[in-house]
Amino acid sequence: MKKFVLNELNTKQIGRTLISGEVLKLIMSASGCEFRFTGRKLKIAIGCDEGCPHELLPRVAVLVDGKIVVKKVISSCRESFTVFRSSKIRTVSVRIIKLSEAAFAAANVFPVVTEYDELIEPTCEKPLKIEFIGDSITCGYGVDDSNVDGIFSTCAENAMKSFAYLTAELLNADYSMFSASGYGVISGCTHDGMQNFPERIPPFYESLGFSKFAVDGYVLPQNILWDFSKFVPDAVVINLGTNDHTYCLDNPLRRQEFEDGYLDFLRTVRRCNPHAELFCMLGIMKTALFPQVQNACRRFAAETGDRKIHTLEFECQDGTLGFTMNWHPSEDTHRLAAERAAEFMREYL
């Protein structure tokens, strides 16, 4: 028997992941790994850490040759799935994806045990690499639950149906996502007009991620620095501002604060990704702060002479294509936005 720890040597890592001992921990939305398996039978074991509430457990999918063979919420420390079986030796492509978001439990993928003559090797890299930075829209929040008044649960999250994942598919790109529901640039979603300071993307962007639960013993992902050399994108897509609007509203001082904060975040993103085309997008749910996004990008270009920065305003959903949990976009709305984003990005990539 042979044991394969699913690391960078034998798999293509997807998104921000962590090897802890022999376990591959999937942190961010749509993070995972992909590999070619040659053999007759493949069994994969996935688990979650103890102590996570039921509604926050990790949801995962396993695809074999592009077809979903497992899609479920992982509710125990270790669950095993036979994802491929054949009477003769075959080579298939296997992709393991975390459908739920980083703020909740990580998904733990255990080493794969195979027969001696069976093989696991990385799939080929795609022509482009894209990083997506965003909020619940990028996470695919609620997309698998059409009840607009539904109560949040990770069983309704599906990052594979988000505009980000679909855009990467349309552009034939490898991707990484850094996103969290309710988060913004200067304020997370707020219902009382007060600034939601803890729920901001910029303070965590240079870390592995962020979660309410430790992912490596007693270490939180926000306390683990991310190595940006592991994934060097050709493009970075930022879709932030939807949640900030709940704080800014029509207040000119707060809108200016958002613009200044966005500009400062652009400086960070550029420092971490010195050669990428930057695409600053806003919309699908709200576009009110798009003028401030445009202003921040103009100021950034004037300040740095950087011309590799572009803005795109999405059309807001009007219900024609349906809504999902808490009035989030439907799969059809995500697909329409992905087509728009891919069309726009092709001009510069």
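Helix H2, residues 163-170, is mostly covered, with six of its eight residues buried. Those buried residues are Phe163, Ala164, Tyr165, Leu166, Thr167 and Ala168. The model shown here is a predicted one.

What follows H2? Asn172 does, and its phi is positive. Asn172 sits in the loop between H2 and strand E13, which spans 173-179. Its phi lies near 55°, a positive value in a residue that is not glycine. Most residues other than glycine have a negative phi. Asn172 is partly exposed, because its relative accessibility is 38%.

Ile284 also draws attention for its backbone. Its phi is positive, about 75°, although Ile284 is not a glycine. Ile284 belongs to the loop between strand E15 (277-282) and helix H5 (290-304). Is Ile284 buried or exposed? Its relative accessible area is 1%, so Ile284 is buried. The cut-off for buried is under 20%.

Rolling a probe the size of a water molecule over the atoms shows where empty space is left. The largest pocket has a volume of about 450 Å³. It is lined by 21 residues, and the closest to its centre are Tyr141, Ser181, Gly182, Cys189 and His328. How does the lining of the largest pocket divide into nonpolar, polar and charged residues? Nine are nonpolar, eight are polar and four are charged.

The second largest pocket has a volume of about 330 Å³. Its lining holds 15 residues. Nearest its centre lie Glu8, Lys12, Gln13, Ile14 and Lys230. Two elements give two or more residues to this lining: strand E2 (12-14) and strand E3 (17-20). Here the lining of the second largest pocket divides into five nonpolar, four polar and six charged residues.

Charged side chains also pair up. The structure holds 23 salt bridges. One of them joins the side chains of Lys3 and Glu22, at 3.0 Å from N to O. This pair links distant parts of the chain, 19 residues apart. Lys3 lies in strand E1 (residues 2-4), while Glu22 lies in the loop between E3 and strand E4 (23-26). Glu22 counts as partly exposed because its relative accessible area is 38%.

Lys25 and Asp49 form another salt bridge. Their closest N and O atoms are 3.5 Å apart. Which side of the buried cut-off does each partner fall on? Lys25 has a relative accessible area of 6%, so Lys25 is buried. Asp49 has 27% relative accessibility, so Asp49 is partly exposed.

An α-helix has 3.6 residues a turn, so residues three or four places apart point the same way. Both partners are partly exposed: Arg340 because its relative accessibility is 36%, and Glu343 because its relative accessible area is 48%.

Salt bridges can also join into a network. In this structure, Arg59, Asp144, Lys161, Glu331 and Arg335 are linked in one.

Last, consider the surface. Which residues form a nonpolar patch there? Met1, Val113 and Tyr116 do, with about 360 Å² of accessible area together. Val113 is found in strand E10, residues 112-114. Its relative accessibility is 45%, so Val113 counts as partly exposed. A residue needs over 30% relative accessible area to be part of a patch.

Notes. Residues numbered from 1 in each chain as written. Predicted model: local features only at pLDDT ≥ 70, side-chain atom pairs only at ≥ 80, totals over all residues. Heavy atoms only, no water. Patch = residues over 30% accessible without salt bridge, like charges linked within 9 Å, V, L, I, M, F, W, Y side chains within 5 Å. Areas by Shrake-Rupley, 256 points an atom, 1.4 Å probe, with all protein chains shown as cover. Salt bridge = Lys/Arg side-chain N within 4 Å of Asp/Glu carboxyl O. Helix = DSSP H or I, 4+ residues; strand = E, 2+ residues; numbered from the N terminus. Buried < 20%, exposed > 50% of the residue type's maximum accessible area, 1.4 Å probe, protein only. 1 Å grid on protein atoms, 1.4 Å probe; cavity = no way out; pocket = protein on both sides within 12 Å on 5 of 7 lines; lining within 4 Å. Points joined across faces, edges and corners; volume = space filled by probe spheres on them. Nonpolar A, V, L, I, M, F, W, Y, C, P; charged D, E, K, R; others polar.
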